[in-house]
Amino acid sequence: MARRHNDRKRRGRVVNGWLIVDKPSGMTSTTVVNRVKRLYNAAKAGHGGTLDPLATGLLPIAFGEATKTVPYVMDGLKTYRFTLRLGQRTETDDAEGDVVEESDVRPSEEDIRAALPQFIGNIQQTPPIYSAIKVNGERAYDLARANKPVVLEPRPIYIEDFQLIGYTDSDHADFLVMSGKGAYMRSLARDLAQVVGTEGHISALRRLKVGPFTENDAISLDELDSIGQIVALEQRLLPVAAALDDIPALRLTGIEASRLKNGQAVSLLRKVDLQRIADFIDGDTVLATGQDGPIALVRYMAGEVQPIRLLNL
């Protein structure tokens, strides 16, 4: 049979690891991922948690096998710093939207500090209508832009910490937040303003930490562009296992590693195994490692580990 003219184009290089990009304002997370993917000529890439176009800060990008560890990064705590513009609510709950409500009320510092505790812990939060949440199969922001009604139900989120850290002027207050998965800073700012008797939106937002990744790990797009050479770019990658710092590790023997790579469970019920599994609890996710590094994410249950995700490194 003759070769078809439209054979698949080469998909790119096999690249494995994490790159922590300091995202600039005014760019979508998808645009950043695509740009970095082209720089590395990588076959596969994804990100560990979307940032709004307005926002700056940490955007972890996973290449290749690291994409299998993305859920563990997204489930981790995140730290944000944002500026609340008091007295104005916008349609998008940030500075990119038109002002839809105004208030002359400016709450005192004491009023704001007194309100913060009600936003800490497990709370219910209504996402912004300009968000990627799907409503009857359509993105909420698409419906909002088409002037169609958008009704989003409150969802449970977790806020570890919420602090007022200062004022720029009477209209702008700065906050530091540590949150769990799915929390919208735009909603937090909007709701806090309403609780203290005014309106508000986010005028600046920066993500400082995502799971195990901090600003010390980050690199700007300009710096990446200046590096140029693939070999030098790869030196900026963090290992796949960097996303799993909070997950216990289990070192396997060669025979155990072979069984696991074949998709088989590994029994750890011998007396000599007890020390290896002493700190594990049934249901724990564990990083199984061998002589050459990470092998798989496994689940420990009743004296054995079963593969969840094999890492082909």
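Trainee: In which sense do strand β4 and strand β11 pair, and over how many bridges?

Mentor: First, this is a predicted model, where local features need pLDDT of at least 70, side-chain atom pairs count only at pLDDT 80 or more, and totals for chains, interfaces and linings use all residues. Residues are numbered from 1 along each chain as its sequence is written, and side-chain values use heavy atoms, with hydrogens and water left out. Helices (H or I, at least four residues) and strands (E, at least two) are DSSP runs numbered from the N terminus, and two strands pair if DSSP finds at least two bridges between them. For β4 (residues 78-86) and β11 (residues 172-179), with T79 opposite M178, the pairing is antiparallel, over 8 bridges.

Trainee: What joins β10 to β11?

Mentor: Strand β10 (residues 155-169) pairs with β11 in the antiparallel sense over 8 bridges, and Y167 stands opposite A173. The link from β10 to β11 is a hairpin through 2 residues.

Trainee: Which strands stand at the edges of the open sheet, and why is one side of each left without a neighbour?

Mentor: The sheet has 5 strands in the order β15-β17-β18-β19-β16, with mixed pairing.

Trainee: About what angle does the direction of helix α8 make with that of β18?

Mentor: Axes are lines fitted to C-alpha atoms, for helices over the stretch in contact (heavy atoms within 4.5 Å), and angles run from 0 to 180 degrees between N-to-C directions. Helix α8 (residues 254-261) packs on the sheet, touching β15, β16, β17, β18 and β19, and its angle with β18 is about 80°.

Trainee: Which residues of α8 are buried?

Mentor: Buried means under 20% relative accessible area, exposed over 50%, partly exposed in between (1.4 Å probe, protein chains only). The face turned away from the buried side carries exposed G254 and I255. The buried ones are E256, A257 and L260.

Trainee: How far apart are the end C-alpha atoms of α1?

Mentor: The expected span is 1.5 Å times one less than the number of residues. For the 12 residues of α1 (residues 29-40) that should give 16 Å, and the model agrees: the ends are 17 Å apart.
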